[in-house]
Amino acid sequence: MMRVRQFIAILLVAGLFALNNPVWAQANALPNPAGAELVIWTYDSFVSEWGPAGQIAEAFQKAYGIKLRFVSKGDGGALLSALLDVAKRPNADIVIGLDNRQLEKALQSGLFVPLSLKNLADVQKNLLLDPTNRLVPYDFGQFAFMWDSQSGVEPPRSLEDLTKPLYRKKVIIMDPRTSTPGLGFLAWTEAVYKDAWKDYWRRLSPSILAMTPSWDTGYGLFTKGEAPLALSYSTDPAYHKAYENTERYKALPFSDGHPMQIEFAGVLASSPHRELAQKFVDFLLSAECQALLPETQWMFPSNTKAKLPASFSVVSKYPALSAEVGDIHQDPSEAANILIGH
Amino acid sequence: MSLFLYIALCFIIVFSLSPLAAFLNVALGHVRTSGAAFSSFLAQVPVSTILRSLKFTVLQSLVSTALAVAIGLPGAWLAAKFRFVGRKALLALAAVPFCFPPILVILAFILYYGREGLLSSIISLFFGPRRQYHGFLYSFWGLTMVHAFYNFPIAVHQISALWIRIPETQKEAAKTLGAGSLRAFRIGTLPWLLPGIAQASGLIFLYCFFSFTTVLVFGGRSGATIEVEIYHALHYQSNYALALILSIVETLCALGGILILTRARGRTQRTMRDFGRTSELRSPKGIQRLFIVIYGVFIVFFFVGPLLSIAIEAFRVPSPVGRATKFGLENFERLVKGFQAPLLGAILSTVRLSGLAAAFATIAGIIASLALFFAERKNSHSILPKLIEVFQWLPMAISSAIFAYGWLFLSSDRVVSSALVAAQAVVAWPFVSRALYASLRAIDPQVREAAKTLGASPLRAFMTIELRAILPSIAAAAAFAFSITAGDVNVPLMLGMGEVETLPLLLYRLTAAYRFNEACAAGLVLGLMTGLVFLLKEKVIDVA
């Protein structure tokens, strides 16, 4: 009986606390339309502790006195589908983190407004894929397979090499339905194998240890030593150089060439603070803010005036390969289905 | 008063079913607005996806259940027959699947069984480093093993509760008549034991059938359960038609499972009542003692070990390669002081949202159980109590994704937190109601008759007898409801990350990002919150 009384007491106290504490109410409140706060939708690693969100928010508040609130929608695939979900209105001002392969789908939605930004003049010209400037590029990188040089496994030199029996259950890739690197890999295989890409995926199947829902998970598995090879970016060695002072993990050059990923930001037409939001995107492209990106996003800044840190000396630029996904609606599921259940 | 109860119950049921109607409306609404016929609705539904995930779901549930029962049966036998140190602890493990959310247990398994996990380290101490590592956890067998270890305590608990009541007399009689011990067991014990095994299997099957987080994290390549496919359809494709058809298939299968479960439950309850007394526990001798030790080591090594590793890893501070590990509070600190201070916010919103959901669930559960109790007392053969009982099971047979989205469609400005509270309350109230109903039925009707004979009015009799008797159960059930809702990751994940940041969601993200030590710190906090149920009497777990 005593125990039960204690429980009732605990529950009552917890309940009262929950109902009365104003701080808790605030933590979950919707954005206040009158207050000066911009809401930004993005993906997980952008807001993570090592991501750029914290430093950007601080710098922007110092310069403009406006608070930023970052909301992570999970991975890149979830970000786009959250935007396009007709059942849920996007209650954000700004979106950061759509990539070049999602661009067309995102622009078709008509959710974004054209921007006029003064820092756009300094942005590398070949990145400007949207002539209407509704979605503007803020960073870019190249896909590459990362290899653990202490694994004792011989490094592959091409996509074809990955299908060799020697790499059985040694490769981690991401799900093309949910993750933008996963989608990038699909584009890579479609560019190299053209119509025979499905055949390639079938041959690749035995080599794949895991197809993870997001880049975070896949790369985490890789650095925990679960597999010696993982799909990632050519810039990743810089991370290991800067934080662990090691060159153990290497980005492998493939004879097929390497597709590029360009990441975009935009302002939503439904935003009540469009002017302010545009100011922020301009700030995101400024040389000052862009200098924060290499060592937080581990990507190249789009602004040509932004300086690269010393850690990027270990990053090499590989021959580029132009790669697109043929049917953005069908191909990702078809590719994933080849791997699932085998 | 009973009229009032029925009205309230109708309200609860309508309330519970309204999100389904809302979801149906939206899913079919897409057809209407695009002006297309029903055939185009079906065109959005790839039959191969449904068949493949159905096959995978059924297969993995069957294998998981078989493994769980196989691990649990020896434990059930030991707990029913012998007196030994740790017997109570073994039975209390049954609370684990209910009060430690899957995401926490997944984390424990990766930490323990993963390539650089504790188990691997121990093995490599003896046998040197493992060269061939094929990521067992991420295969079909890895997934079923996780399910099996997560759910086997249910089998131990439920089967031993029955076994302890089956008297030895029949078996002894068979032996006297010349049967060997195996045959005597088959004649004298098995017929009474089987319903108990069926009941535990049914429950475990249902949990595995609806498994979501585990499959999402480990499933990747081996396949996707229907629940995971629904998540994909809703979250990544916005394909409501596919989600609708998938959830209908899922519910039909689950209803089949529930039918078997309730049948078996009816039979075990009869067995329990008929035999009544529990038999005496014996002290183990010789080989039996050895067997207990082996089983104990097995469970500690494979099941308790992973759980303990969470507590250890929470305090271990990851250090750069080559330096000695140290222990401290850095993981907690980083979560509290880091950018947007995720931990405190998550704790606060979990307590607030789950507290509200649990409160609603408790109130609804009290009303439903009283209505069922009174309806049955008045006329046990009428259709009404049966109908109420069906409704008690319904939320267990329907995808929580559909509830979550349904509530979202209902709330005018798409407020996620209110949809979250409503959806979690709907998922939790049947547990409360079943628990309370069981303790109401346990009250001896003669006590009430005595009170009436002594001149108490029906209301007064109710207040002094029934209400007082179930008051402890209400507190226990409320705590249980809180535990279920606080540990739930399905509903917040379905509703979209970032809208509400609850503790299980934070845990999911940290785990997904392989930030294990911080995940453990958050997990320890969550475990302490949901583990409250551990302190309860075993009662609530029996009816869960």
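The quantity pLDDT is the predictor's confidence in each residue, on a scale from 0 to 100. It matters here from the outset, as the structure shown above is a predicted model. For chain B the mean pLDDT is 81, and 89% of the residues reach 70 or more. Within that chain, confidence is lowest in helix 26 (residues 539-543), where the mean is 52, and highest in helix 3 (residues 47-81), where the mean is 93. Chain A averages a pLDDT of 86, and 88% of its residues score at least 70. For the complex as a whole, the predictor gives an ipTM of 0.72 and a pTM of 0.80.

Two stretches of chain A call for caution. Over residues 1-5 of chain A the pLDDT stays under 50, and the model has 5 contacts beyond four places in sequence for this segment. Over residues 10-34 of chain A the pLDDT is likewise below 50, and this stretch has 27 contacts in the model beyond near neighbours in sequence. Where pLDDT is low, the predicted coordinates should not be read in detail.

Chain A has 14 helices and 11 strands, whereas chain B has 26 helices and 2 strands. Of the 342 residues in chain A, 48% are buried; of the 544 residues in chain B, 50% are buried. Among contacts with a separation of 6 or more, residues 24 or more positions apart account for 77% in chain A and for 79% in chain B.

Leaving aside residues up to four places away in sequence, G141(A) touches Y233(A), S234(A), T235(A), Q261(A), M299(A) and F300(A). A269(A), by contrast, is 128 residues from G141(A) in sequence and 28 Å from it in space, taken from C-alpha to C-alpha.

Backbone geometry draws attention to two lysines of chain A. Most residues other than glycine have a negative phi. K169(A), however, has a positive phi near 55°. This lysine is placed in the loop between strand 4 (135-148) and strand 5 (171-174) of chain A, and K169(A) is partly exposed, with 19 other C-beta atoms within 10 Å. K194(A) also has a positive phi, of about 50°, although it is not a glycine. Its position is the loop between helix 7 (180-193) and helix 8 (197-204) of chain A. K194(A) is exposed, with 10 other C-beta atoms within 10 Å.

In chain B, helix packing can be followed around helix 22. Two packed helices are described by the angle between their axes and the distance between the axes. The axes of helix 20 (residues 416-441) and helix 22 (residues 458-487) of chain B come within 9 Å and cross at roughly 150°. Helix 20 and helix 22 of chain B are therefore roughly antiparallel to each other, and their crossing is right-handed. Helix 20 of chain B contributes Q424(B), A428(B), F431(B), V432(B), A435(B), L436(B), S439(B) and L440(B) to the contact, while the residues from helix 22 include E466(B), I470(B), I474(B), F480(B) and I484(B). The residues of this contact divide into 13 nonpolar, 4 polar and 1 charged.

Helix 22 of chain B also packs with helix 21 (residues 445-453) of that chain, the axes coming within 10 Å and crossing at roughly 145°. This crossing, too, is right-handed. The contact is made by V447(B), R448(B), A451(B) and K452(B) of helix 21 and by A461(B), T464(B) and I465(B) of helix 22. Its residues divide into 4 nonpolar, 1 polar and 2 charged.

Further along chain B lies helix 24 (residues 503-512). All of its residues, 10 of 10, are buried, so helix 24 of chain B is largely enclosed by the rest of the structure. Among these buried residues are L503(B), P504(B), Y508(B), R509(B) and T511(B). Helix 24 of chain B is followed by Y514(B), whose phi is positive, near 60°.

Technical notes: Residues are numbered from 1 along each chain as its sequence is written. Chains are lettered from A and ligands numbered from 1 in the order in which they are written. This is a predicted model: local features need pLDDT of at least 70, side-chain atom pairs count only at pLDDT 80 or more; totals for chains, interfaces and linings use all residues. Axes are lines fitted to C-alpha atoms, for helices over the stretch in contact, and angles run from 0 to 180 degrees between N-to-C directions. Helices (H or I, at least four residues) and strands (E, at least two) are DSSP runs, numbered from the N terminus. Angles under 35 degrees count as roughly parallel, over 145 as roughly antiparallel, 65 to 115 as roughly perpendicular and the rest as oblique. A crossing is left-handed if the near helix is turned anticlockwise from the far one by less than a right angle, and right-handed if clockwise. Two residues are in contact if their C-beta atoms, placed from the backbone, lie within 7 Å. Ala, Val, Leu, Ile, Met, Phe, Trp, Tyr, Cys and Pro count as nonpolar, Asp, Glu, Lys and Arg as charged, and the others, Gly among them, as polar. A residue is buried if 20 or more other C-beta atoms lie within 10 Å of its own, exposed if 12 or fewer, and partly exposed in between; C-beta atoms are placed from the backbone.
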